[in-house]
Amino acid sequence: MLYSDLVLKLVENPPNVGTLDEKDPHVGTGTVGSPACGDIMRLQVQVDDDGRIVDSKFKTMGCGAAIASACLATERLKGKTLDEARAIKNSAIAKELELPPPKIHCSVLAEQAIAAALDDYQKKQSAPAPAAAP
Amino acid sequence: MNRPVYLDNNATTPIDPRVLEAMMQYFTEHFGNAASKTHVYGQRARAAVETARESLAAALGAVAKEIVFTSGATESNNIAIKGVAAAHRQRGNHLITQATEHKAVLDPCAWLEKHGHRVTVLGTDASGQVRLDELAEAITPETVLVSIMAANNEIGTLQHLAEIGALCRERGVLFHTDAAQAFGKIHLDVKAMNIDLLSASGHKVYGPKGIGLLYVRRRDPYVRCETIIHGGGHELGLRSGTLNVPGIVGFARAAELCLDAMDTEMPRIAELRDRLQRGLFDHIDELKLNGHPTERLANNLNVSFAYIEGESLMLNLENDIAVSSGSACTSELLKPSHVLAALGVGEDLAQSSLRFSLSRFTTAEEIDYAVDRVRTVVAKLREMSPLYEMAQQGIDLSKVEWNDPGHPH
């Protein structure tokens, strides 16, 4: 597979690898893909009280394009508002990484992972407060 | 130490300098066509070919006129399978082979199936060995050929050649073995093992590419085989075409060197392979050895690394070590290894497999470097793997409901 220098750089030394506390109400977690499909991406966002993403972490089991796509997504998410984050398109990721045609779907998976993480965060925000312990 | 360190010797070997030396004069001074009987150029070439033929025959326990030179083991397999099937058309139309064979055996068989033959493809046990009782049951009065490789190219597993040969002899069926990976690494005796046809390849034994041989038994019984390449009638009509004299000379020299050194060289290589195996298995968890643990080629190690993906593994190791993988992404046809699939290895473990294959030139330093790099890369990819994290937490992955948007792969 002929990958761009950026993909190779991200694969060699990816920033933002890790785990945020899933139970933290300020954290949104999205996991997409499956072992059957050969790619699994988990994307997480940490959102502050002003609705801005202050941190983002990822873990990916997948090919070079999958790792690079998820990694780039975390970089692009940091500092964005929730609306700006929703606007991140797979085509932008694919373009920046110069993904070859057979690997475009990895950027699609990353966009879906972003959506899943944001959905998870917003679901937590709108959930009723837990009942006080007896 | 060269980088990347070359550990893909089952794919091909570097030529031994002594082999190259033996070949050179047949490119330069003694360049004659071995079929040119009328002058000294041809006669000299012919003499070299016949000397090589005797030497290679002796290496197999055969006689010279039973050795046919070809362009490689793929061609030899094609002649053996198609040629024997054609010659025995009247007697029967059934062939038997097994699922972990090289495509150079499976594809000729598939082609025969399209042209009026029946083919039984036997499964193997989890280590890749054919079950003798299944083979016995598969043989019918219409069976004309059994083709089972001596050693597997991906997992290194050795077949029980003598037992298979004895069974075939007993049932009056011809036995062909693709010995491309085994020749030069294990002792082969076509007489003792009741082998009727055998394919071997030059570039697997530190010889040149583009040369191979087909052994065709001419006594007890006389094996009838048709040619698939028509022309000047060379090689007793079995393979027309001007002989690759330098290649033949090189092949014979390479084989001589292998056979002379085998009893000391193979144990030494096995030790280095075991050093590699220990280096990986002692320090990395969740590994799976593919192939028979003991009955396998001394230079072969095929390992699956759970919870990581094959292409990213190869990508990270590309500049450090040269190996093969069972991953679809790294194959020409974008299909995962059929050998691992035949063993029942799941796709997740098949795609994250690496095949290491050593040579006489491999050093301990190279092995230690390979171990170090693989450990580092696997640790890095495991740290990045959500699956590994879940497994470490004791989550039963088979019960997880995945959010799979379903895209083409």
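In this predicted model, B:Ser324 lies opposite B:Arg355 of strand β13 in chain B. The two strands involved, β12(B) and β13(B), the latter spanning residues 353-357, run antiparallel and are joined by two bridges. They belong to an open sheet of four strands in chain B, ordered β9-β10-β13-β12 and paired in antiparallel fashion. At its edges are β9 (287-289) and β12 (324-325) of chain B, each of which pairs on one side only. Strands of a sheet are held to one another by backbone hydrogen bonds, and the pairing may be parallel or antiparallel.

Chain B also has an open sheet of seven strands, in the order β2-β8-β7-β6-β5-β3-β4, and here the pairing is mixed. Its edge strands are β2 (67-70) and β4 (118-122) of chain B, which each pair on one side only. From one strand to the next, the twist averages 20°. Within this sheet, β7 (residues 197-201) and β8 (residues 212-216) of chain B run antiparallel and are linked by five bridges. One position to look at is B:Ser201, which stands opposite B:Gly212 in β8(B).

How is chain B divided into domains? Domain 1 is made of two segments, 5-9 and 262-389, whereas domain 2 covers 17-257. Taken over C-alpha atoms, the centres of domain 1 and domain 2 of chain B are 29 Å apart. Where the domains meet, 17 residues of domain 1 of chain B contact 17 residues of domain 2 of chain B. On the domain 1 side of this contact, the elements that give two or more residues are β10 (300-305) and α9 (338-342) of chain B. That side of domain 1 of chain B has six nonpolar, eight polar and three charged residues.

The next contact is the one between the chains. It takes 23 residues from chain B and 26 residues from chain A. On the side of chain B, α8 (310-317), α10 (347-351) and α12 (386-392) each supply at least two residues. Which element of chain B gives the largest share of that side? Helix α8(B) does, with four residues. Sorted by class, the side of chain B that touches chain A has ten nonpolar, seven polar and six charged residues.

In chain A, a pair of helices can be followed in the same way. The axes of α4 (residues 90-97) and α5 (residues 104-126) of chain A come within 8 Å and cross at roughly 135°. Why are these helices described as oblique to each other? Angles over 145 degrees would count as roughly antiparallel and those from 65 to 115 as roughly perpendicular; the crossing of α4(A) and α5(A) at roughly 135° is therefore oblique. The crossing is right-handed. From α4(A), the residues A:Asn90, A:Ile93 and A:Ala94 take part in the contact. They meet A:Ile104, A:Ser107, A:Val108, A:Ala110 and A:Glu111 in α5(A). By class, the residues of this contact between α4(A) and α5(A) are five nonpolar, two polar and one charged.

Notes:
Residues are numbered from 1 along each chain as its sequence is written. Chains are lettered from A and ligands numbered from 1 in the order in which they are written. This is a predicted model: local features need pLDDT of at least 70, side-chain atom pairs count only at pLDDT 80 or more; totals for chains, interfaces and linings use all residues. Domain bounds come from an automatic or database domain assignment. Two residues are in contact if their C-beta atoms, placed from the backbone, lie within 7 Å. Ala, Val, Leu, Ile, Met, Phe, Trp, Tyr, Cys and Pro count as nonpolar, Asp, Glu, Lys and Arg as charged, and the others, Gly among them, as polar. Axes are lines fitted to C-alpha atoms, for helices over the stretch in contact, and angles run from 0 to 180 degrees between N-to-C directions. Angles under 35 degrees count as roughly parallel, over 145 as roughly antiparallel, 65 to 115 as roughly perpendicular and the rest as oblique. A crossing is left-handed if the near helix is turned anticlockwise from the far one by less than a right angle, and right-handed if clockwise. Two strands pair if DSSP finds at least two bridges between them.
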